[in-house]
Amino acid sequence: MENNSEQFPEVSNEESSIFDDDRAVPVFFSANAIYICAVLFGVLFGSIMFAMNINVTKERRGFWQIIGFGVLFTIMQIIVIGYFPGAGSASIFFNIAGAIIIRNFLWKEYLGAYPVYTKRSVLVPAIIGIALSALVILAVIYGGR
C-alpha cells in the first residue's frame with residue numbers, strides 16, 4: 001500500500017483507519033453532532049466542540065477563531081434578544097443560524113483537509129449540555145423569587 005502521509009496533515013490524536021491500513025485518521029466529533037449540540041445547547045457549546053476537533057490536529061489552525069466566533073455570536077444573540085422583549089423563544093433560530101455557519105462554512109475552512117476521520121462519541125458533551133441546561137432552567141425557575 002502506498003503511504004499517503006503527504007496528502008493529509010498529521011494529527012496528534014490518531015487511530016487507524018478502516019479504509020486504509022497505512023494512514024492514521026483523526027478522531028473528531030462529527031459535523032452533524034456539533035450541529036445538533038449547537039442547536040440544542042448554544043453556538044458557544046458547538047464552537048467549543050469544534051475547537052476540540054481543531055485541537056486534535058497538529059496545525060491547530062483556527063482554534064481561537066472558532067472560540068472567538070462562538071463568544072461573539074453568543075454576545076450578539078444576547079444583545080439582540082435583550083432589545084426585543086418576549087423574543088427569548090427566537091433563541092433557537094439564532095442557534096440554528098450559528099450551527100449552519102459552523103457546519104457549512106467553518107468546517108470546510110478549518111477541517112476540510114480531513115475527508116476521512118473516526119467519529120468521536122458525543123455522550124460526554126451531551127451529558128454536560130443537559131446538565132448545564134438543567135442548571136439554567138433551575139436558575140430561571142428559582143431565581144425569580
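Which residues have the most contacts inside the largest nonpolar core? They are Ile 34, Phe 50, Ile 66, Ile 102, Leu 106, Trp 107 and Leu 111.

## What you're looking at

This is a predicted model, where local features need pLDDT of at least 70, side-chain atom pairs count only at pLDDT 80 or more, and totals for chains, interfaces and linings use all residues. Residues are numbered from 1 along each chain as its sequence is written, and side-chain values use heavy atoms, with hydrogens and water left out.

The protein has five helices and three strands, and from the N terminus on they run β-β-α-α-α-α-β-α. Here helices (H or I, at least four residues) and strands (E, at least two) are DSSP runs, numbered from the N terminus.

## Surface and burial

Of the 145 residues, 36% are buried. Buried means under 20% relative accessible area, exposed means over 50%, and partly exposed is in between (1.4 Å probe, protein chains only). The protein exposes about 9,000 Å², with carbon and sulfur atoms supplying 65% of that; the areas come from the Shrake-Rupley method with a 1.4 Å probe, and for residues only the protein chains shown count as cover.

Now for contacts, meaning heavy atoms within 4.5 Å. Take those between residues at least 6 apart in sequence: 67% of them join residues at least 24 apart.

## The nonpolar core

Back to that core, which has 24 residues. A nonpolar core is a set of buried Ala, Val, Leu, Ile, Met, Phe, Trp, Tyr and Cys residues joined through side-chain atoms within 4.5 Å. Helix 1, helix 2, helix 3 and helix 4 each give two or more residues to this core, and helix 2 gives the most, with seven.

Leu 111 touches Phe 28, Phe 50, Asn 53, Ile 54, Thr 57 and Leu 106, leaving aside its neighbours within four places in sequence. Asn 53 counts as buried because its relative accessibility is 0%. Skip residues up to four places away in sequence, and Asn 53 is in contact with Phe 28, Phe 29, Ile 34, Trp 107 and Leu 111.

## Helix 1 and its cover

In helix 1, the buried residues are Ala 31, Ala 33, Ile 34, Tyr 35, Cys 37, Ala 38 and Val 39. Their cover includes helix 2 and helix 4. Tyr 35 has its C-alpha atom 9.7 Å from that of Asn 104, and the two are 69 residues apart along the chain. Asn 104 belongs to helix 4 and is partly exposed, because its relative accessibility is 31%.

After helix 1 comes Gly 42, with a positive phi near 115°.

## The largest pocket

Rolling a probe the size of a water molecule over the atoms shows where empty space is left. The largest pocket has a volume of about 390 Å³. Of its 16 lining residues, the closest to the centre are Leu 40, Phe 41, Gly 42, Ser 133 and Val 136. Two or more lining residues come from each of helix 1 (31-41), helix 2, helix 3 (63-83), helix 4 (91-111) and helix 5 (123-143). Helix 5 gives the most, with five residues.

The lining divides into nine nonpolar, seven polar and no charged residues. On a 1 Å grid over the protein atoms alone, a pocket is an open set of points where a 1.4 Å probe fits, with protein on both sides within 12 Å along at least five of seven lines; lining residues have an atom within 4 Å of a point. Grid points are joined across faces, edges and corners, and the volume is the space filled by probe spheres set on them.

## Two more residues to check

Arg 60 is in the loop between helix 2 and helix 3. Arg 60 has a positive phi of about 60° although it is not a glycine. Most residues other than glycine have a negative phi. Arg 60 counts as partly exposed, because its relative accessibility is 39%.

Ile 78, in helix 3, is exposed, with a relative accessible area of 58%. Ile 78 and Phe 94 are 16 residues apart in sequence, and their C-alpha atoms are 9.9 Å apart in space.

Key
Nonpolar A, V, L, I, M, F, W, Y, C, P; charged D, E, K, R; others polar.
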